[in-house]
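This note is written for a colleague who is meeting the structure for the first time. Please keep the sequence and the model in view while reading.

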Amino acid sequence: MKYRKLGRTGIKVSEISLGTWQVGGKWGSGFDDGLAEHIINEAIDEGVNFIDTADVYEAGASEAAVGRVVKSRSEEVFVATKCGRQISPHVNEGYTVEVLRKYVEDSLKNTGLDCLDLIQLHCPPTEVYYRPEIFELFDRLKDEGKIKNLGVSVEKVEEGLKAIEYPNVNTVQIIFNMFRQRPSELFFEQVQKKDIGVIVRVPLASGLLTGKFTKDSTFEKDDHRFFNREGAAFDKGETFSGVPFDIGLQAVDELKKVFPNRENLAPIALRWILDFPEVSCIIPGASKVIHLKSNLEAVELPSLTEEEKAAVKQIYDKHIKKHVHQLW
């Protein structure tokens, strides 16, 4: 494993870390505590030292599993969780200092940890980024020894740029992949200037960039890749990175020509992300250990050549850009 600094937090994190949205099983399958603990332990065995979870993942079951495993290990493992998505309806008015404080304290109880290494606002409505009192709360929580660092998970580049105007925001979690390239422009320029940690989520565009889907692929009714393609449940950009499924398949077919003889494109897609020095770590999910092992292959791959990078950019410009670039 290789490690990078997480902005100005003082933490060094594994390049490939672990996101735990579906760590207890595939989307919509219910939560398997044994499977979750097995995957998390395997990740730590492989050198992963940063685990991202959230209070809403399987109603707290993911958070609790992360806490159990981390407390059972001798290695130093950093835990990041998120708060805010429990607010229903998920609107600006629901964000109050009192509500968020309770969520943080509940996460401490649920994980069994004395202090959270990183707490992140969980994709709040855009208006929340213009409310200083929300961000000031986390300074108090830090003074009380309940958190070490504050970050945000964002849907849009503009939200990330606004968030890092607050001096206590140390990290931004953002969707960035071969099909969502806009963050590499102004956003990366600004985070580098301010020494902000960048945590990349949805790196495989909900599995599209593995190269394993076809036009005949189907998804279960409780899988967001079935019900959220048009944003029916949450931001459309969370599902296939906002790319129409058929368009994504066309683009993947062209990527396969750039990287022939690779049945699994996932390590290549992750390596492409790691070739950006502004990225601190990637947090792909894994519902099976085999997925974890596939993701970890990216660390050992050589950087893409300039020709390969240019080909990826050309495919993005041709097929993807008009569908996503100005939306997120």
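The numbered points below go through the sheet, the helices and a few individual residues.

1. Basis of the note. The model is predicted, so local features are given where pLDDT is at least 70 and side-chain atom pairs count only at pLDDT 80 or more, whereas totals for chains, interfaces and linings use all residues. Residues are numbered from 1 along each chain as its sequence is written, and side-chain values use heavy atoms, with hydrogens and water left out. Helices (H or I, at least four residues) and strands (E, at least two) are DSSP runs, numbered from the N terminus.

2. The sheet. Eight strands form an open sheet with parallel pairing, in the order E3-E4-E5-E6-E7-E8-E9-E10. Two strands are said to pair if DSSP finds at least two bridges between them. At the edges are strand E3 (18-19) and strand E10 (281-282), each of which pairs on one side only. As a general point, strands of a sheet pair through backbone hydrogen bonds, either parallel or antiparallel.

3. Strand E7 and its neighbours. Strand E7 (residues 150-153) runs parallel to strand E8 (residues 169-175), and four bridges join them; here Ser153 stands opposite Gln173 of E8. Strand E6 (residues 118-122) is also parallel to E7 and joined to it by four bridges, with Ile119 opposite Leu150 of E7. Is E7 covered or open on its faces? Both faces are covered, with Leu150 and Val152 buried on one side and Gly151 and Ser153 buried on the other. Buried means under 20% relative accessible area, exposed means over 50%, and partly exposed lies in between (1.4 Å probe, protein chains only).

4. Helices H1 and H2. The axes of helix H1 (residues 33-45) and helix H2 (residues 61-72) come within 9 Å and cross at roughly 45 degrees. H1 is therefore oblique to H2. Axes are lines fitted to C-alpha atoms, for helices over the stretch in contact, and angles run from 0 to 180 degrees between N-to-C directions. Angles under 35 degrees count as roughly parallel, over 145 as roughly antiparallel, 65 to 115 as roughly perpendicular and the rest as oblique. The crossing of H1 and H2 is right-handed; a crossing is right-handed if the near helix is turned clockwise from the far one by less than a right angle, and left-handed if anticlockwise. Asp33, Ala36, Glu37, Ile40, Asn41 and Ile44 of H1 make the contact with Ala65, Val66, Arg68 and Val69 of H2, where contact means heavy atoms within 4.5 Å. By class, the residues of this contact are six nonpolar, one polar and three charged. Ala, Val, Leu, Ile, Met, Phe, Trp, Tyr, Cys and Pro count as nonpolar, Asp, Glu, Lys and Arg as charged, and the others, Gly among them, as polar.

5. Helices H1 and H10. H1 also meets helix H10 (residues 289-300): the two axes come within 10 Å and cross at roughly 25 degrees. This angle is why H1 counts as roughly parallel to H10. The crossing is right-handed. His38, Ile39, Glu42 and Ala43 of H1 are in contact with Val289, Leu292 and Lys293 of H10. The residues of this contact divide into four nonpolar, one polar and two charged.

6. Helix H9. How many residues of helix H9 (residues 266-274) are buried? Nine of its nine residues are buried, including Arg271 and Trp272. Among the elements that cover the buried residues of H9 are strand E1 (3-5), strand E9 (197-201), E10, H10 and helix H11 (306-324).

7. Thr9. This residue is found in the loop between E1 and strand E2 (12-14). Thr9 counts as buried because its relative accessible area is 16%. The C-alpha atoms of Thr9 and Asn149 are separated by 6.9 Å, although these residues are 140 residues apart along the chain. Leaving out residues up to four places away in sequence, Thr9 touches Asn149, Asn170 and Thr171.

8. Backbone details to inspect. Most residues other than glycine have a negative phi, and most peptide bonds are trans. A cis peptide bond, with omega about 0 degrees, joins Ser88 and Pro89; Pro89 lies in the loop between strand E5 (78-83) and helix H3 (97-111). Ser206 has a positive phi of about 55 degrees and is buried at 8% relative accessibility. Asn261 has a positive phi of about 65 degrees, but is exposed at 82% relative accessibility.
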